[in-house]
Amino acid sequence: MIGTAVEGLDVSITGLGCKVPDRVVTNEELSQYVDTTDEWILERTGIRERRIAAPDEALSDLALPACRDALAQAGVEGRDIDLLIVATVTPDMAFPSTAAILADALGASEAAAYDLSAGCTGFMYALAQGYGMLAGGLAKRALVVGGDVLSRILDWEDRSTLVLFGDGAGAVVLEAVPERGFIGFELGADGGGGANLWLPGSGSRLFDEPDKYVKMNGREVFRFATRILVQSAEQLLARCGVSIDEVDLYVPHQANTRIIDHATRKLGVPSERVVINVDRYGNTSSGSIPLALADAAADGRLRPGELVLMTGMGAGLTWGSALMRWSKEGRGRNGRGHRRRGPRGAPDLRARQRRVGARPRAALLPRRRRRPRRHRRPAAGPRGDVAGGARGGARPRDRA
Ligand SMILES: CC(C)(COP(=O)(O)OP(=O)(O)OC[C@H]1O[C@@H](n2cnc3c(N)ncnc32)[C@H](O)[C@@H]1OP(=O)(O)O)[C@@H](O)C(=O)NCCC(=O)NCCS
């Protein structure tokens with residue numbers, strides 16, 4: 001699917017927020033659970049550390065503060081939202097949707113709310129849907145969330161997947177704006193490659209060998225990623241009549257630096273225009289692109305009027321690109337003049353979830369699954385090293 005945003009309203013992102021768990025897990029720590037090394041992970045992926053959710057932390061616990069920050073930046077409240085989409089493969093539970101849980105917690109009682117599954121590309125699909133519903137006049141203001149707690153579905157004894165991923169969530173508010181925001185989208189899927197990155201046994205299909213953990217053919221996914229990041233971006237730019245030289249900021253899916261470097265070289269994007277934060281968060285799946293946007297905003301690299309190219313790819317196999325001009329600052333950017341409201345009504349489903357989740361489950365407690373093979377190191381306590389970016393907390397937050 002490819003198209004330019006020439007019909008309907010001009011729509012853009014007017015608020016951005018994100019949240020990562022407190023717990024930092026370094027490569028060194030992972031080398032206590034599986035046969036790997038900091039050097040191997042760094043050389044093959046560029047990842048130094050990732051954030052891992054606490055056992056009682058579900059997706060909505062990360063997404064809620066991200067949503068609140070996005071709403072504050074946009075200067076709107078939950079009740080102003082009439083569409084809430086959560087892109088994820090790790091919702092709090094199969095149903096109710098995490099979007100419905102968030103809508104309740106935010107007081108977005110008028111919102112249509114649903115989850116969307118498109119692997120690590122989910123946020124790009126959700127952005128396109130949000131844009132389409134606003135541009136078509138069906139919704140007025142959307143909250144689009146991308147986030148995952150992939151640590152829940154990773155096999156903590158499989159080094160080929162464990163080292164790659166992390167947890168995190170981001171949220172954006174989409175609204176009509178006076179000048180063109182989104183310019184075009186390109187989205188696609190190749191189900192034929194689905195078994196290269198999958199979770200067999202997680203749905204209604206019976207498998208001889210069902211599994212509750214992610215399975216991946218790393219080399220095939222690498223080949224797919226390097227091809228599709230370039231192809232999708234080039235097709236979209238051509239369709240929009242924009243040259244890569246005009247792109248101010250390139251925000252690729254944060255899978256790993258080898259994939260990003262390859263795409264950047266092929267596309268011909270100068271390295272100073274590329275956003276990379278995979279070294280600190282690993283691959284956060286649907287959280288990857290909003291977290292990268294937030295980092296760029298916090299560093300002053302994402303300025304109003306700039307042309308931004310984003311491309312995601314992931315399970316499905318899926319991919320998606322968006323081209324947009326970053327909007328003027330939202331009415332409530334940095335929360336100025338915004339009055340925060342607490343959760344309304346009785347959104348205690350999240351609290352009940354947490355009580356249920358409080359029962360220790362081996363898969364949720366990676367540090368207890370295996371005894372360290374070398375020597376036990378001190379537990380990695382929460383670190384506050386990425387809190388509050390220069391621009392009013394646009395950088396991934398450590399705390400709600
Ligand atoms: C996963 C990936 C980093 C592996 O790198 P690679 O260079 O392809 O490595 P290979 O799979 O060829 O494995 C090379 C060796 O390293 C080993 N290895 C794999 N994971 C390892 C780890 N974490 N630590 C140490 N060794 C590891 C393999 O067992 C293999 O050993 P062998 O040669 O004795 O069989 C790479 O394929 C990749 O980035 N794929 C894309 C994955 C991705 O981004 N997925 C998410 C998409 S949304």
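**Around the ligand, and along the helices**

Let me start with Arg159, which lies in helix H6. This is a predicted model: local features need pLDDT of at least 70, side-chain atom pairs count only at pLDDT 80 or more, and totals for chains, interfaces and linings use all residues. Residues are numbered from 1 along each chain as its sequence is written.

A word on labels. Helices (H or I, at least four residues) and strands (E, at least two) are DSSP runs, numbered from the N terminus.

Back to Arg159. The cut-offs: buried means 20 or more other C-beta atoms within 10 Å of a residue's own, exposed means 12 or fewer, and partly exposed is in between, with C-beta atoms placed from the backbone. The C-alpha atom of Arg159 is separated by 6.7 Å from that of Asp35, yet the two residues are 124 apart along the chain.

Now the ligand. 20 residues surround it, and the closest are Thr36, Arg159, Gly218, Phe222 and Ala255. Which elements give two or more residues to this shell? They are helix H2 (38-45), helix H6 (159-162) and helix H7 (218-240). H7 supplies the largest share, 5 residues. By type, the shell divides into 10 nonpolar, 7 polar and 3 charged residues. Ala, Val, Leu, Ile, Met, Phe, Trp, Tyr, Cys and Pro count as nonpolar, Asp, Glu, Lys and Arg as charged, and the others, Gly among them, as polar.

Stay with H7. Its 23 residues should span 33 Å at 1.5 Å a residue, and its end C-alpha atoms are 32 Å apart, which agrees. The expected span is 1.5 Å times one less than the number of residues. The buried residues of H7 include Val221, Phe224, Ala225, Ile228, Leu229 and Cys240. An α-helix has 3.6 residues a turn, so residues three or four places apart point the same way. After H7 comes Gly241, with a positive phi near 70°.

Next, helix H5, residues 122-135. Its 14 residues should span 20 Å, and the end C-alpha atoms are 20 Å apart, which agrees. H5 is mostly covered, with 11 of its 14 residues buried. Among them are Phe123, Met124, Tyr125, Gln129 and Leu134. Gly137 follows H5, and its phi is positive, near 90°.

The axes of H3 (residues 59-74) and H4 come within 10 Å and cross at roughly 45°. Axes are lines fitted to C-alpha atoms, for helices over the stretch in contact, and angles run from 0 to 180 degrees between N-to-C directions. H3 and H4 are therefore oblique to each other. Under 35 degrees is roughly parallel, over 145 roughly antiparallel, 65 to 115 roughly perpendicular, and the rest oblique. The crossing of H3 and H4 is right-handed: the near helix is turned clockwise from the far one by less than a right angle.

Last, the loops. Where is Pro96? Pro96 sits between strand S5 (83-87) and helix H4 (98-106). The peptide bond from Phe95 to Pro96 is cis, with omega near 5°. A cis bond also joins Gly316 and Leu317, with omega about -10°. Leu317 is in the loop between strands S13 (307-314) and S14 (318-325).

Finally, Ser285, in the loop between helices H9 (278-281) and H10 (288-298). Its phi is positive, near 60°, in a residue other than glycine. Ser285 counts as buried because it has 33 C-beta neighbours inside 10 Å.

Note on methods: Near = placed C-beta within 6 Å.
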